[in-house]
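Hello,

Here is the structure I said I would pass on. My notes on it follow below.

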Amino acid sequence: MLYDAIDHVILPVADLDAAAAPFRRLGLTLFPGARHQGQGTQNTGFFVGGRGGRGGRGGRGGRDGKDEPECGFYVELLGIADAAEARSVHGEAFVSAAERGKGLSAVCLRTADLAGAVARLKQHGQSPTQREVRGSDDQKICDVAEVHGPPEAAADIRLIQYHPSYAARHERRVAAGLLDQGFPLKRLDHLAAIAPDIEASTRFWTDVLGVPLAGEVMAGAMIVRQMKIGDAIFELLGPATPESPIAKRPPGLASMCAFEVHDLAAAVEQARAAGFACPDPGIGALPGTRVTTIPAAELSGMGLQLLEYV
């Protein structure tokens, strides 16, 4: 497959320091961040997984129950350093999303063959925008291809290739202690996008992007199509019947990240002690799981689901 992992999600924010504060209060270690040369943006965020640990314990469509290596993932809080410059690169929609605190704006897939991924997209009639990202020290960070997704993509998608390699950057993160999190997130389990036309969205992800379908779960009036990328799942949430409420919702990335935790009860206790409204865990929509969610309103627009396999 062309993609090694779900690399990160982008959370546009108006005030970077204010948006980072609740994540720090939860106990997460945020990386220092940088201003992106010529992009009009600056960032911070937190890393989860990627130590070569173990994946989930199965019990869901597309998983075989075997241990899997973690691929590493991060949440990028992206603030506006220069609004005019940011508009020229990212467009008005991105700047407006940051100013409104609209929630997650894009999902980024990591690849070691960006040229191959772009060639595949072009073969299917897509015209991704390509650019390189450099830090304030003018050192190249990565090359990015933005897929200006049609509605059937169900999300804004970016493809990313790191320079130097992802492995080299990861080793620097480990050495800097950026994976030593004080809140016990084990690994990204899944992200989701609303897909009112579930069949068209499935075809886009499988045929155009080249991500294989890993499984399907029925959850009441909703179909969950699962795309396995690395050790995590990207979910397409579609209507099981024309009457399903999800059929009337616009396509787009759900502003929530679901993380596996070792001990759900302990994680809930820690979140509550830090002042977060964390409901009692219940049975998850995915078979064999128990979940609870810290509301998006308490984490700068991104819900944080805590998930345990049972």
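The model is a predicted one. I start with the N-terminal end of helix α1, which is capped by Asp 15: one of the side-chain oxygens of Asp 15 is 3.2 Å from the backbone nitrogen of Asp 17. The helix itself covers residues 16-26, and its buried residues are Leu 16, Ala 19, Ala 20, Pro 22, Phe 23 and Leu 26. These lie on the same side of α1, because the arc they cover around the axis is only 150°. Just after α1 comes Gly 27, with a positive phi of about 115°.

Next is Phe 31, which is in strand β2 (residues 30-31). Phe 31 counts as buried, at 9% relative accessibility. Leaving out residues up to four places away in sequence, Phe 31 touches Asn 43, Thr 44, Gly 45, Phe 46, Phe 47, Tyr 74, Val 75 and Leu 178.

Last, the cysteines. How many disulfides are there? The count is zero, with a pair of sulfur atoms needing to be within 2.5 Å. For Cys 142, the closest cysteine sulfur is in Cys 108, 8.6 Å away and therefore too far for a bond. For Cys 278, the closest is in Cys 257, at 15 Å, which is also too far. Cys 142 is buried at 4% relative accessibility, and Cys 278 is buried with a relative accessible area of 4%.

Regards

Terms used: Residues are numbered from 1 along each chain as its sequence is written. This is a predicted model: local features need pLDDT of at least 70, side-chain atom pairs count only at pLDDT 80 or more; totals for chains, interfaces and linings use all residues. Side-chain values use heavy atoms; hydrogens and water are left out. Buried means under 20% relative accessible area, exposed over 50%, partly exposed in between (1.4 Å probe, protein chains only). Helices (H or I, at least four residues) and strands (E, at least two) are DSSP runs, numbered from the N terminus. The arc is that of the directions from the helix axis to the C-beta atoms. A polar contact is a pair of N or O atoms within 3.5 Å; within protein, one must be able to donate a hydrogen and the other to accept it, and residues adjacent in sequence count only if both atoms are side-chain atoms. Contact means heavy atoms within 4.5 Å.
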